[in-house]
Amino acid sequence: MLPDPATTAACWPRAGIATLLPALQAALREPVLTSPAARAHYGHGEALPDDAPPDAVVRPRDNGEVAAVARLCHEARVPLIPFGAGTSVEGQVVAIQGGVTMDLSLMDAILDVSPAALDCRVQAGVRRLRLNEALRGDGLFFPVDPGADATLGGMAATRASGTGAVRYGTMRENVLGLTVVTADGRILRTGTRARKSASGYDLTRLFLGSEGTLGIITEVQLRLQGLPEAVSAATCQFPSVEAALEVAVGVLQSGIPVARMEFANAPQMRCCIAFSRLEGLEALPTLFLEFHGSPAAVEEQALAVEALATGAGGGGFAWARRPEDRSRLWKARHDALPANLAHGRGRALMGTDACVPISELAACILETEADIAATGLEAPLIGHVGDGNFHLGILFDAAVPGERERAQTLAHRTGERAIRLGGTCSGEHGIGLHKLDLMAKEHGGALDLMWAIKRAFDPYGIMNPGKLLPPCDGA
């Protein structure tokens, strides 16, 4: 549930919004939205239905308008919350102190594409799928795939990852530079188009993953990849979680350059089979695999993985070589969340993720499955096991006394377990509101330095207050 705003930072006087509205409207071409329906739409992301609407919503069209709004909010000490597609799952877009939500979806221009340099520059509101549609004609694609059709600005703000990270990396590896509007309305450009630099502090990576708490990302310079000559996908099912994860680790240790390697446990497969009508698959621990390269390389990679799987007792590979078959397979993978909700039949879903070293992956998942069983809840598990990241979709009935609390405790223990095993409480969801209590366990004294950075960039604490960093003395 939402924290008490008074515990996150000093609240601003709500009456001040009335005096701010005329100045906001004068700075913008689009109308400022203040109706209850509009505000409610921007008061939550995905997953938990907790709702905390802003006092007003603005929709800028360029960097100048973003900067003007930021200056006005800075001067009035009014909270400012960036909003992309609303697909975040940890409460990043919830306006717990009210204020102004900034919807960047109208800033959706693809500004430049350079096939020769393998990069492009886009405004923050460009969505991932639209970008890849535009790049296809140049034989290029952007490889970071979190599943949701998120905006590129939101993906940068949460340092998103996804199914292709095992080969192509996360947003951290694929963002070359940013345009950022600071809390006081300055427009900064970080990074260059060069593939490396030894010049100054790395501000690009400081803003990546900052969840709107340091500034507003308005443009993103992205690294691109050439479309592979050949692509093949497969599924393989196993008698146990241990066998499936043994193969996943073996693939990595053997240096096989698999493009995607996803794991779903038996409860998750049961949901996916029913929702996506996956014929020929059973409710067993399953690996989803994809291979990129030349036809010969793809064949070699696939045969090597198949040999490892057979040695671990895996069932025969189910190949998906045609584009439509691969799309159906990966759509089923990406539809895990709606599949879990359909299985839950009216229950709410609390999503969480964690990431551990590959060497600890099997131990962490097995311990997590035992923890799920002990709670009496259903929590299907799916993960990007190629980089040690996995997710739980914890189903609970809010009408049953204590059930939400059990779900929260399970999510908390999952994060604690990952930290204990040398990992992190979040591999890609971010912190938002829901994992604040785990930050001290993971970062210890480094939180003081993080707060010093926050105060330097945002001295009045207006940028997405109450998110990412837990409250501390003087916050």
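Tutor: Let's start with a term. A nonpolar core is a set of buried Ala, Val, Leu, Ile, Met, Phe, Trp, Tyr and Cys residues joined through side-chain atoms within 4.5 Å. Buried means under 20% relative accessible area, exposed means over 50%, and partly exposed is in between (1.4 Å probe, protein chains only). This is a predicted model: local features need pLDDT of at least 70, side-chain atom pairs count only at pLDDT 80 or more, and totals for chains, interfaces and linings use all residues. Residues are numbered from 1 along each chain as its sequence is written, and side-chain values use heavy atoms, with hydrogens and water left out.

Student: OK. How many residues has the largest nonpolar core?

Tutor: It has 46 residues. Those with the most contacts inside it are Phe238, Phe263, Leu287, Leu289, Ile365, Val385 and Ile394. Helix 9, residues 241-253, gives the largest share, seven residues. Helices (H or I, at least four residues) and strands (E, at least two) are DSSP runs, numbered from the N terminus.

Student: Why would such residues sit together?

Tutor: In soluble globular proteins, nonpolar side chains tend to be buried together.

Student: What is Leu289 in contact with, beyond four places in sequence?

Tutor: Its partners include Ser232, Ala233, Val258, Arg260, Phe317 and Trp330. Contact means heavy atoms within 4.5 Å. Apart from this core lies another, of 25 residues, with Val126, Phe142, Leu222 and Leu224 among them.

Student: Back to helix 9. Is Glu242 buried or partly exposed?

Tutor: Glu242 lies in helix 9 and is partly exposed, at 43% relative accessibility.

Student: New topic. What does UniProt place at residues 50-227?

Tutor: The unreviewed entry places "domain: FAD-binding PCMH-type" there. UniProt positions are given in the numbering used here, feature names are shortened, and annotations may be inferred rather than shown by experiment. The span is 23% helix and 26% strand, and its end C-alpha atoms lie 40 Å apart.

Student: What about cavities? Which residues are closest to the centre of the largest one?

Tutor: Leu48, Asp50, Gly91, Val94 and His434, out of 10 lining residues. A cavity is a set of points, on a 1 Å grid over the protein atoms alone, where a 1.4 Å probe fits but cannot get out; lining residues have an atom within 4 Å of a point. The lining divides into four nonpolar, four polar and two charged residues.

Student: Where is Ala47 found?

Tutor: In the loop between helix 2 (36-41) and strand 1 (56-58). Ala47 is partly exposed at 30% relative accessibility. Leaving aside neighbours within four places in sequence, Ala47 is in contact with Val89 and Leu349.

Student: And Ser88, buried or exposed?

Tutor: Buried, with a relative accessible area of 17%. Ser88 is in the loop between strand 2 and strand 3 (100-103). Not counting residues up to four places away in sequence, Ser88 touches Gly45, Glu46 and Val93.

Student: Last one. What is phi of Arg77?

Tutor: Near 60°, a positive value in a residue other than glycine. Arg77 is in the loop between helix 3 (63-76) and strand 2 (80-83). Phi of Arg159 is positive too, near 50°. Arg159 is in the loop between helix 5 (152-157) and helix 6 (165-168).

Conventions: 1 Å grid on protein atoms, 1.4 Å probe; cavity = no way out; pocket = protein on both sides within 12 Å on 5 of 7 lines; lining within 4 Å. Nonpolar A, V, L, I, M, F, W, Y, C, P; charged D, E, K, R; others polar.
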